[in-house]
Amino acid sequence: MRTPRPDGHPGLADATRGRILFGGDYNPEQWPEETWQEDVRLMKEAGVNSVTLGVFAWAKLEPRPGAREFGWLDRVMALLHGNGVGVVLATPTSSPPPWLGRLHPDTLPRDQDGRTEWWGGRQHFSHSSAVYRRHAAAITEDLAARYGDHPALTMWHVNNEYCTYDWGDEAAGTFRRWLRDRYGTLDALNSAWGTAFWSQGYGDWAEVLPPRRAHYLNNPTQVLDFKRYTSDMLLECYVAERDIVRRYSPHVPVTTNFMPMWAGQDAWRWVQEEDVVSVDLYPDPRDPFGAQHGALVQDMTRSQARGPWMLMEQAAGPVNWRGVNHPKPPGLNRLWSFQAVARGADAVCYFQWRQSRQGAEKFHSGMLGHAGEQGRTYQEVSRLGAELDRVGGEISGRHSACEVAVLHDWHAWWAGSQDARPSREVDPAEVVRAWHRALWEAHIGTDFAHPEHDLSGYALVVVPQLYLLTDAAADNLVAYVRGGGTLVSGFLTGIADEEDRVRPGGMDVRLRELFGIRTLHEWWPLDPGEYAGCDGFRGTLWSEEIEAGDAVAHSRYQGGELDGLPAVLRRGRAWYVSTLPEPDALRELVADVAAAAGVRPVLDGLPAEVEAVRRGDLLFVLNHGRDPVTVAVPGTHRDLLGRRRVTDSLELGRYGVAVLSP
Ligand code: GAL
């Protein structure tokens, strides 16, 4: 049954059909055909209903220029279909075959120093290469023509984790084209980039280059534009392939998988072009904040999708790319999978189905590891598959928005991460993480939003840091507070305009008025391990010499050069926090601000290691701890997983999960 989305394109529901998709990347080209039979048998036993095929299969599909070897894929598709396993079919364009690089070296990207990124790994393509794009379009077209109507096909997966940069000559040409579109004239570009500084004025477009290795600091707006351009070039590649597959299968949704909190793609822009938002998520099982990292990425992805989304990849056990790669202790794979489902995932998928025996990822776990079907990982995966199969129908498709939004913007992130800034210790992504963690630990559900989004539905908006703020965004924040919203902002917000020009007064005047700041005299960044004493807490990373206007000092600096000056200001419903309070203090502050905005935790009295998440009228309760806990859940509920009635109090074992329905 087709459920058209407002834009008329199909969506995730067309692929899930009321279930939760469960499965992973399947690379049958790495295995003899006898193994495929065993794969399908074990997939069925494990409850796998979806696999992603062909992500890195270009050389198998086109072993020589123009050749087409579809026979093996025909057989795999038929086998999967015959066994009730749907196929997310990938365009193989993220890893071109060696012949492409050999015959057309211009398809290979160049780094900042002009060095070539050769084949022999993966993702060795230049987004700007016309030859690459032509070959990528041709194989995509033939795949779509052949499989666009295939009954196994449920979704298209374009490329994989778009993440390449290119400083080469062809890229210089597309950079100029992009800049011409943005600025129109060289005068406008010179003005935007501030090229009066250091004799950088451009007199001819041919002089304009990607920000290649320079003797000393590159022009910051040039670097910012290069990041914008790179995201846009990769998006052009995506859209070109998406449009091809759409022509052959207009009823099949299209996605490309994001990396979590990946700096290279402006995800707010990208999701406008995607039918399904999907993400790959690999928290470290040893990371004490692994669950919070998961929550952050899931909150972000749900907000980008504005509804259910797809967990395209996770690891059933260890990855292979950390210094030390830890397995998941028993129960953790299930817990983190349900954490994603709680936050709106309608697909729980892995990289990859069967662990490789060769190649760079042979020590990366699979759903079916080297230990085989008796292995603990496969056994746990199978039990999870059975559970998702049983309860998926009652969960799939549900969505709820939160009362709180955290603002995040890629352009602000890019501009705020440049060289030669007041403190290299300030990493905008880490600041976002710190504020999200505070909300997470306060058990307050949160969405993410773009600073120019309509925020009027939110009771509280949190701005961890938006160094670059457009005029539209600044107006939006002011209007939001005027309209009755509560806003709390961290430091380094509203410093620069869209072209990274510092705002007069050192901070946008609209924000200074909003927060009741008369003068922002100086920033006093802190060294690692240095703290700014404040009444009631310690600040880290940063402090500021502020003269308040009509704001009230909620807390003040104590000691040091800033003694007695305001640290946290409040003007009505607008709060400004001029340092990064230590985690406990930030959590308390956020909880106070939320309470003032009328926002309550998802559940009261939750133990620290327990997380509660609402999805529609379901309440997910997750124990991230290793010890059993008792959680107060007022009222009577049905636990979909435990198949039990729960009244007022819920027992959860180590890594336990309950899905409570009214
Ligand atoms: C992802 C990628 C997969 C695999 C996985 C390993 O980034 O999409 O192909 O490499 O990482 O964790």
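Predicted model: local features only at pLDDT ≥ 70, side-chain atom pairs only at ≥ 80, totals over all residues.
**Entry 1: the whole chain**

I began with the overall fold. I counted 18 helices and 26 strands in the protein chain. The radius of gyration came out at 26 Å, close to the 26 Å that the globule rule gives for 662 residues, so the chain is as compact as a globular protein of that length. I then looked up the extent of the C-alpha trace, which spans about 75 × 75 × 45 Å along its principal axes. As for burial, 59% of the 662 residues count as buried.

**Entry 2: around the ligand**

Next I went to the ligand. Which residues are around it? My list reads Phe56, Arg122, Asn160, Glu161, Asp280, Tyr282, Glu313, Trp321, Phe351, Glu361 and His364. Sorted by class, this shell has 4 nonpolar, 2 polar and 5 charged residues.

I also noted some distances from side chains to oxygen atoms of the ligand. For Glu361, a side-chain N or O atom is 2.3 Å from a ligand oxygen. For His364, I wrote down 2.7 Å between a side-chain N or O atom and an oxygen atom of the ligand. Trp321 has a polar side-chain atom 2.8 Å from a ligand oxygen. I then checked how much of the ligand is covered: on its own it exposes 310 Å², and the protein buries 95% of that.

**Entry 3: helix H9**

I turned to helix H9, which covers residues 220-248 and so has a count of 29 residues. From its first C-alpha to its last, H9 reaches 43 Å, close to the 42 Å expected at 1.5 Å a residue.

What caps the N-terminal end of H9? I found Asn219 there, with a side-chain oxygen 2.9 Å from the backbone nitrogen of Thr221.

**Entry 4: a second look at Asn219**

I stayed with Asn219 for a while. Asn219 sits in the loop between helix H8 (186-193) and H9. Is Asn219 buried or exposed? Its relative accessibility is 4%, and buried means under 20%, so Asn219 counts as buried.

The side chain of Asn219 reaches the backbone oxygen of Trp193 at 2.8 Å. Asn219 and Gln200 are also joined, side chain to side chain, by a polar contact of 2.9 Å. My summary for this residue: Asn219 caps H9 through Thr221, reaches Trp193 and contacts Gln200, all from a buried position.

How values were computed. Residues numbered from 1 in each chain as written. Heavy atoms only, no water. Near = heavy atom within 4 Å. Polar contact = N/O pair within 3.5 Å; in protein donor to acceptor, adjacent residues only side chain to side chain. Areas by Shrake-Rupley, 256 points an atom, 1.4 Å probe, with all protein chains shown as cover. Nonpolar A, V, L, I, M, F, W, Y, C, P; charged D, E, K, R; others polar. Helix = DSSP H or I, 4+ residues; strand = E, 2+ residues; numbered from the N terminus. Expected span 1.5 Å × (residues − 1). Rg over C-alpha atoms; globule rule 2.2 N^0.38 Å. Buried < 20%, exposed > 50% of the residue type's maximum accessible area, 1.4 Å probe, protein only.
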